[in-house]
Structure formats: structure tokens, C-alpha cells
Amino acid sequence: MGKLQIHDLSQSFTRDDGSELTVLDHLNIEVQDKEFVCILGSSGCGKTTLLRLIAGLDTARSGTILLDGEEMKGPSSKVGFVFQEYSLFPWRSVIDNVVFGLEMKGIGKDERYRIAERYLELVNLTQFRANYPAELSGGMRQRVAVARALALDPVLLLMDEPFGALDAQTRNMLQIELLEIWEKTKKTIIFITHSVDEAVFLSDRIIVLTPRPGCLCHIVPINLPRPRDRTSTEFAQVRRHVLDLINQKCSIQ
Amino acid sequence: MANPLRKHKDRWFGALAIVLALALWECYAALVVKNSFLLPAPLDVTSAFLELLQKGILLQDFQVSMIHFAIGLGLALVVGIPVGIAIGWNRKINAFLDPLIELLRPIPPLAWIPFAIIWFGLTTISAGFVIFVGAVFPILINTYTGFRSVPRVFVEAGKMLGCTKNRDLIRYIAFPSALPSVVSGIRVATGVAWMCLVAAELFGVSNSGLGKNLWFYYNLHRMDCVVVYMILLGLIGLVIDMVFRYIIDRYFLKWQTGEVA
């Protein structure tokens with residue numbers, strides 16, 4: 001299970017001069033179990049803030065976040081997180097990075113390496129098991145980060161622009177790979193991006209956030225069958241529709 | 001870039017400089033100065049070395065000095081690393097201890113010699129204490145800096161993977177991340193410790209040791225022996241640094257090599 005309900009969520013920060021900066025304003029979102037949702041918005045619209053609240057890395061001013069009916073307080077092993085920047089531990093080899101969460105959980109040595117190998121296989125990096133992160137390309141590092149987050153078998157996987165720093169080709173490849181992983185593992189995924197193309201290619205639904213104060217602008221269901229063809233007319237139509245939404249509805253406010 | 005043949009050649013070229021310097025020194029001492037008190041020649045020094053070695057003095061001095069060194073550096077590690085971790089990890093402890101540390105730090109270690117003698121007498125402990133004072137601050141400050149600059153994303157990634165207790169975060173995330181900084185602090189500390197060692201022994205904080213006998217032979221006007229001790233101090237310092245670097249690169253910071261190569 002991995003059903004996420006966000007009720008009336010607000011977050012604000014205090015500026016240096018003492019005034020309040022509202023980042024999220026009474027946000028309501030529901031994400032179904034095994035759904036792939038992209039959150040789309042320009043920078044500064046509160047995407048990352050929202051994801052950090054769901055992850056329990058920050059505490060909201062008000063509102064509730066329920067995962068399978070349980071309120072989230074602080075980081076939980078039911079939630080995996082893939083960071084935007086490179087977050088692999090450089091002092092641990094690839095396999096030892098994947099093992100980390102299982103080690104913290106107190107799982108026996110043989111068992112945890114067996115599990116980790118399986119997830120490393122899932123991201124096709126078995127041959128790099130003994131390498132250190134510094135020896136990997138950016139794309140490989142993010143794949144290891146995905147394997148590391150999945151190794152704890154979370155019900156919900158949060159991804160904060162994980163492919164943002166990669167070149168276009170690697171990015172497309174990793175998107176395909178991510179969809180395959182999603183098919184195999186059936187996690188609920190919330191994926192943040194500012195690329196319309198990426199959002200349309202990946203998700204069941206796109207949630208468009210307005211730039212500040214972040215409130216729900218529009219929900220766009222994507223009913224195109226997978227695998228999706230980026231060059232097809234249907235794809236282009238959906239893409240244009242989403243772009244129009246962003247341009248008209250959101251930024252004029 | 002890393003051409004082994006070239007590196008080999010460079011090394012021979014460097015060795016040539018040492019040979020030339022020795023030859024020049026020998027000629028200048030034997031032909032110009034002609035006074036082994038003012039400038040003992042390399043040959044005088046060699047025979048003095050053999051003489052001291054035969055008497056067994058050198059070995060004993062070496063042992064005593066290494067004990068001083070080990071006490072001082074060991075104590076500095078035991079105190080410096082935990083305190084560095086505490087002030088690097090916890091803002092409150094930092095606010096509490098920082099002014100005290102900053103007040104004590106600028107006092108030169110050798111200024112502690114009178115109290116070292118009064119508190120511990122002419123023992124190995126008091127020499128160790130002076131070395132400790134010199135070595136503890138580089139270790140402490142570098143540990144602190146290392147912990148301060150742990151990237152936030154590592155801590156958060158750790159938290160998301162179930163590493164949430166302070167103790168675990170320090171052990172599994174912050175310490176390994178800070179290790180390069182801690183290690184460079186220890187390396188600076190070994191250098192400072194070596195300098196303090198000579199000074200501490202020189203000022204009579206101990207009864208034997210390399211620094212102590214360097215001074216003793218100066219009083220006997222045996223300058224050839226003084227040079228023996230000078231060279232030995234330099235060489236041992238070099239070896240300590242080499243061994244330290246080898247162990248660290250080989251066992252602790254293996255993961256960093258990938259970033260350079």
C-alpha cells in the first residue's frame with residue numbers, strides 16, 4: 001500500500017526582516033497507491049518544500065500528511081527519497097551504499113548483501129558493485145541512489161528532480177529505466193520536475209503548482225498508453241496543454 | 001601525467017642534489033672552515049654516528065623520544081577528536097567551549113614547559129604533556145571544521161535510510177565524511193608534536209631522548225654528535241609522515257583516490 005493524503009498543508013518561512021514568506025498555501029493532494037505522479041512547477045514554487053514535508057525532513061506550519069491513513073512524523077522507512085544533488089556516500093562503495101539502510105535496520109550481513117545485490121541488478125549496475133561513487137558517471141550515481149532508496153522496500157518513493165543535472169540522452173534513458181522499475185516494484189512515486197516533457201512522459205497525473213504562494217493550480221491526468229512516444233502527435237498535444245496551463249493559469253496571478 | 005619512468009628519473013635527479021650538497025659541505029668544511037667545532041664535515045658526522053650507535057645511546061634516545069611522542073600524540077587524539085566532534089556537531093557545546101579554546105590556543109606549547117615540570121617533574125609525562133598541548137589544537141580544529149562542513153544532503157539521506165539517532169549519524173555519516181579533514185589535522189599535529197618533542201626535551205623536561213642529548217652534546221662541544229641528532233630528528237620525522245600517509249591512503253581514504261585519478 002502507498003496511499004498519500006495531504007490535507008490543508010501550509011508552510012511558510014520567516015524572512016530575515018521578520019516578514020512571513022508563504023511557500024505552500026492550504027494545499028490538498030491525494031495520491032493513489034501505485035500511482036506515478038509528477039509535480040510540475042517553475043523554481044521557487046514550493047515543489048521541493050512539499051516533498052521535504054512529505055519525507056518528514058521538515059515540519060509543516062499546519063495541515064496533515066497521511067500515508068495509508070497514518071500521520072507522518074519525521075523520516076520513515078516507508079518512504080524512500082532520491083535527492084536532486086548527488087547524495088551517495090563517497091566513502092562507501094556502490095554496494096555498501098545500497099546496503100546502508102538495511103544495515104541501519106539491523107539486518108544480518110549475508111541477508112542485507114543479498115537484498116542489495118538484487119536492487120543493484122534492478123538498476124543494471126551489478127558490475128560496478130565495488131566501485132566508489134567518484135568513479136561513476138552522474139547517471140550511474142542516480143541509479144545507485146534509486147537502488148539505495150528501494151532497498152528498504154518503501155511504499156512511497158519521493159524523487160526530487162533526480163535527473164535534473166543529467167544530459168538529455170542519459171535523462172531519457174533513465175526515465176525509461178525508472179518506468180520499468182516502477183512496473184516491477186509497484187511503488188507509489190512522487191516525482192518532482194520542471195520539465196514538461198519529463199512529466200508527460202512519466203506520470204499518470206501531473207500536479208501543476210503555481211509559483212508562490214504555492215497552491216494547487218491544476219491536475220492533468222495523462223491517459224496515453226505506455227510506452228509513450230515523445231514524437232507522437234498525442235504526446236505533443238498533451239504537452240502543449242500542460243504548457244498552456246502553466247503559462248496562462250499560473251504565472252498571471 | 002603519471003608516467004612512472006619520468007617519476008623514476010625525477011627521483012634520481014633529486015637524489016643528485018643531496019649528493020652534491022653533501023660533497024659541497026665536505027669540501028667547504030675540510031678545505032675552507034677547517035674547524036670541526038664550527039662546521040663538522042660529513043665524514044666526522046658519520047664517525048660520530050657510528051660511535052654513538054656502538055655505545056647504544058642512540059637506540060635508547062630513540063625509544064625514549066618515541067614514548068614521549070606517543071604519549072603526547074595519543075593524548076591529543078583522545079582529547080582532540082571527541083571535543084572536536086562535540087563542538088562540530090552541537091551548536092550549544094560549541095558556543096560554550098569556543099571562547100575557552102580560542103583563549104588557550106594561542107599560548108605557545110613551549111610556554112607550558114614551566115608548569116609541565118612543576119606538575120609532572122622531570123618525567124616522560126611532562127614531555128608528553130608539552131607535546132600534547134602542541135598537537136591537540138590542530139586535531140581539534142580540523143575535526144571541528146570537518147564536522148561543520150558535512151554536506152546536509154548526506155545527513156538527510158542518512159535520515160531517510162533509517163539513521164536517525166545522533167550517535168549513529170555521527171558514526172556512520174558525519175565522521176566518515178569529516179575524515180579527510182580530521183586526517184589532515186592529525187598530520188599537521190604530528191609535525192607540531194615533533195617540534196615540541198625536541199623543545200620539551202631540550203629544556204630539560206626529561207632525562208634522555210633525542211632532543212635532550214642533542215643539547216647534552218652541545219654542552220660537551222661535540223658538534224659532530226649534534227649534527228647526528230639533527231639529521232636523525234629530520235629523518236625520523238620524515239619516516240613518521242610517510243608511514244602515516246601510507247596507512248591513511250591505503251586503508252582510510254581509499255575512496256578519495258578516484259576523484260584525483
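Me: What share of the 261 residues of chain B counts as buried?

Reply: A residue is buried under 20% relative accessible area, exposed over 50% and partly exposed in between (1.4 Å probe, protein chains only). In chain B, 41% of the 261 residues count as buried. This is a predicted model: local features need pLDDT of at least 70, side-chain atom pairs count only at pLDDT 80 or more, and totals for chains, interfaces and linings use all residues. Residues are numbered from 1 along each chain as its sequence is written, chains are lettered from A, and side-chain values use heavy atoms, without hydrogens and water.

Me: How many helices and strands does chain B have?

Reply: Helices (H or I, at least four residues) and strands (E, at least two) are DSSP runs, numbered from the N terminus. Chain B has eleven helices and zero strands.

Me: At what angle do α6(B) and α8(B) cross?

Reply: Axes are lines fitted to C-alpha atoms, for helices over the stretch in contact, and angles run from 0 to 180 degrees between N-to-C directions. The axes of α6 (residues 124-148) and α8 (residues 166-202) of chain B come within 7 Å and cross at roughly 150°. Angles over 145 degrees count as roughly antiparallel, and α6(B) and α8(B) are therefore roughly antiparallel to each other.

Me: Which residues have the most contacts inside the largest nonpolar core?

Reply: Such a core is a set of buried Ala, Val, Leu, Ile, Met, Phe, Trp, Tyr and Cys residues joined through side-chain atoms within 4.5 Å. The largest has 157 residues, and A:L50 and B:I173 have the most contacts inside it. Its largest share, 17 residues, comes from α8(B).

Key: Parallel < 35°, antiparallel > 145°, perpendicular 65-115°, else oblique.
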